[in-house]
Amino acid sequence: MASSKNLSRFWEWGRKIICVGRNYADHAKELKNVVPTEPVLFLKSPSAYVREGAPVLMPYYSNNLHHEVELGVVIGKGGKDIAQASAMDHVEGYALCLDMTARDVQDQCKQKGLPWTLAKAFDTSCPVSDMIPKETIKDPHNVKIWLKVNDILKQEGSTSSMIFSIPFLISYISRVITLEEGDLILTGTPKGVAAVQEDDEMVAGIDDIISMRFRIKKQV
Ligand SMILES: CC(=O)CC(=O)C(=O)O
Ligand SMILES: [Mg+2]
């Protein structure tokens, strides 16, 4: 590790949350989006982080909040123009993440050609687990990520289905945005995204390595 600070609490660093969209063909298709030939990137604010024990808030301006379960990659060593061959040296660990999305707002933004900030970057839009040490996940391209709402399985997909691999994404992103230690990359969601309602309980996991639960509440 490159730092004396404790990256195991990466969410306290206030660093960038860089999200990759449409990285699973099955999810791109379920939303009738074109399967991309280059990564689709967007950002979340560090105030999007929320931890188990606190609620995920439905923004006051949305009536269609969706869950998206994703594998997160925690950057341990920053860099610019990182080569794919050395990209994994920049990874400190992984995290289970949700990319909570105000889908109705995102649809309106798409129609108007506006950015997705209101749909994707609001406070509590990024529930995260503890950091999973890099050594615990031997092959990040072969784990199952899953999510249940009120005990009903909604999403289950293997990271082997990602269109763009983690080394490719780190290299691609670092050509555009300098990566810093404590940054988090969300690698996209598989199919099965759906709406949640007030008081629903979401439980998500990576295989049987880690799980986390969050309750939905309305923003007041
Ligand atoms: C259409 C989306 O919201 C893209 C996204 O976030 C994804 O994970 O895919
Ligand atoms: Mg997403």
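Predicted model: local features only at pLDDT ≥ 70, side-chain atom pairs only at ≥ 80, totals over all residues.
Residues are numbered from 1 along each chain as its sequence is written, chains are lettered from A and ligands numbered from 1 in the order in which they are written, and side-chain values use heavy atoms, with hydrogens and water left out.

**Ligand 1**

Around ligand 1 there are 15 residues, of which Arg22, Glu68, Glu70, Asp99 and Lys120 come nearest (a residue is near if one of its heavy atoms lies within 4 Å). By class, this shell has three nonpolar, six polar and six charged residues; Asp, Glu, Lys and Arg count as charged. At least two residues of the shell come from each of β1 (17-21) and α2 (103-112).

The table lists polar contacts, which are pairs of N or O atoms within 3.5 Å.

| Side chain | Distance to an oxygen atom of ligand 1 |
|---|---|
| Glu68 | 2.9 Å |
| Glu70 | 2.9 Å |
| Arg103 | 3.1 Å |

Taken alone, ligand 1 exposes 280 Å², and the protein buries 100% of that (Shrake-Rupley method, 1.4 Å probe).

**Salt bridges**

Side chains of opposite charge can pair when their charged atoms come close. The structure holds 14 salt bridges, each a side-chain nitrogen of Lys or Arg within 4 Å of a carboxyl oxygen of Asp or Glu. One of them joins Asp183 and Lys16 at 2.8 Å, N to O. Because Asp183 lies in the loop between α4 (166-176) and β13 (184-186) and Lys16 in the segment before β1, the pair ties together parts that are 167 residues apart in sequence. Helices (H or I, at least four residues) and strands (E, at least two) are DSSP runs, numbered from the N terminus.

Key: Polar contact = N/O pair within 3.5 Å; in protein donor to acceptor, adjacent residues only side chain to side chain.
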